[in-house]
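Hi,

Here is the structure I promised to pass on to you. Have a look, and then read on for my notes.

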Amino acid sequence: MRGVAPLEIFNVKYFSHRGWRAIGLGLCVVAMLTGAGSTAIAAGDSEAVLQSDQALVRAMGSGERGGADRLLDAGFTWISSEGKLQTRAQVLENLPGVANAGMEAEVRVYRGSAVVRANRGRVQVLRVWVKRPAGWRALLYQEVTLAVKSEPASSAADSGECENPCKTIPFQPETEGEKAVIRSWQGVMAAMARNDAETYAPLIAEEFTATDTHHDRALTKIDRIAQINKQKQNGARSVPPALISARMFDFGETAMMIAKEQRPNAKAYYNTRMWVERDGRWQMLFSFNTRIE
């Protein structure tokens, strides 16, 4: 019954025939109880993440190293809006300020991981949390300052092949999940290089957003598909950024990659992406791109 709404089961079984009424009602009750349990767990996780997130923001703002230390994961990374990357130890040595600290954050929980957003105006803030045995821990803090005016898309004449990252990359995934995610990501990059919206679409989650230093707003899945189709009509193609280095985190049903990338004749940047496994396919949830100034 995974993915089926309780009332849908009730409608099919209860109203289709009088003889199915008792069975249908029983299935409906079981599904409703199961769904209610899942909803309660999700709501509990969301509240727990928000409480931990608020505690971390307070600790960072007040200079409380002990409070921050308890909430930062061992693999924690901080990326400022200028593209300065700091490790957990560097952050704890000199606690940096949290952007948009006073605003109410939004959270999405994906089982053992969670995505927290605190956006205001041009300043976009992403915090990724992971569920550990001791509780929720922050794995990433990243800022993006949107452009005042979107920069022209990087494109080139339809010639040459996309080698890095479409075919080969200077990174070796370790787990089977990471390998599957890399294949999905390379499929996205190759589809963008070919202006192939049909291949691109199934590899992208419906809630996908692309946030980067080059645009004046975050782009949705629909926006990206429109971009691909427009480039195809104009006879141009995208130039995928080459991967320089990467770190990956396999959470089971989700995975995250912090990549350092560089477009031709442009500054390098850090791009964090996250994926979720749905119906046997890895779909990209977001791309969060901070240029290194």
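Below are some notes on a pocket, a cavity and the elements around the pocket.

First, the ground rules. This is a predicted model, where local features need pLDDT of at least 70 and side-chain atom pairs count only at pLDDT 80 or more, while totals for chains, interfaces and linings use all residues. Residues are numbered from 1 along each chain as its sequence is written, and side-chain values use heavy atoms, with hydrogens and water left out.

**The second largest pocket**

A pocket here is an open set of points on a 1 Å grid over the protein atoms alone, with protein on both sides within 12 Å along at least five of seven lines; lining residues have an atom within 4 Å of a point. The volume of the second largest pocket is about 750 Å³, counted as the space filled by probe spheres set on the points, which are joined across faces, edges and corners. Its lining has 40 residues, and M192, H215, R224, Q227 and R263 lie nearest the centre. Two or more lining residues come from each of α5 (176–194), β8 (204–212), α7 (221–234), β13 (268–278) and β14 (281–291). Helices (H or I, at least four residues) and strands (E, at least two) are DSSP runs, numbered from the N terminus. β8 gives the largest share, 5 residues. By class, the lining splits into 18 nonpolar, 12 polar and 10 charged residues, with Ala, Val, Leu, Ile, Met, Phe, Trp, Tyr, Cys and Pro as nonpolar, Asp, Glu, Lys and Arg as charged, and the others, Gly among them, as polar.

**Elements around it**

In α5, 14 of the 19 residues are buried, that is, under 20% relative accessible area with a 1.4 Å probe and protein chains only. N195 follows α5 and has a positive phi, near 55 degrees.

β14 is also mostly covered, with 10 of its 11 residues buried. β14 pairs with β8 in the parallel sense over 5 bridges (pairing needs at least two DSSP bridges), and T209 stands opposite F286 there. β13 runs antiparallel to β14, joined by 10 bridges, with Y269 opposite R291. Their hairpin has 2 residues between the strands, and D279 takes a positive phi near 55 degrees.

**The cavity**

There is 1 cavity of 30 Å³ or more, a cavity being a set of points where a 1.4 Å probe fits but cannot get out. The largest cavity holds about 40 Å³ and is lined by L56, V57, M60, W78, V98, R127 and Y141. Helix α2 (residues 21–62) supplies the largest share of that lining, 3 residues.

Best wishes

Terms used
Buried < 20%, exposed > 50% of the residue type's maximum accessible area, 1.4 Å probe, protein only.
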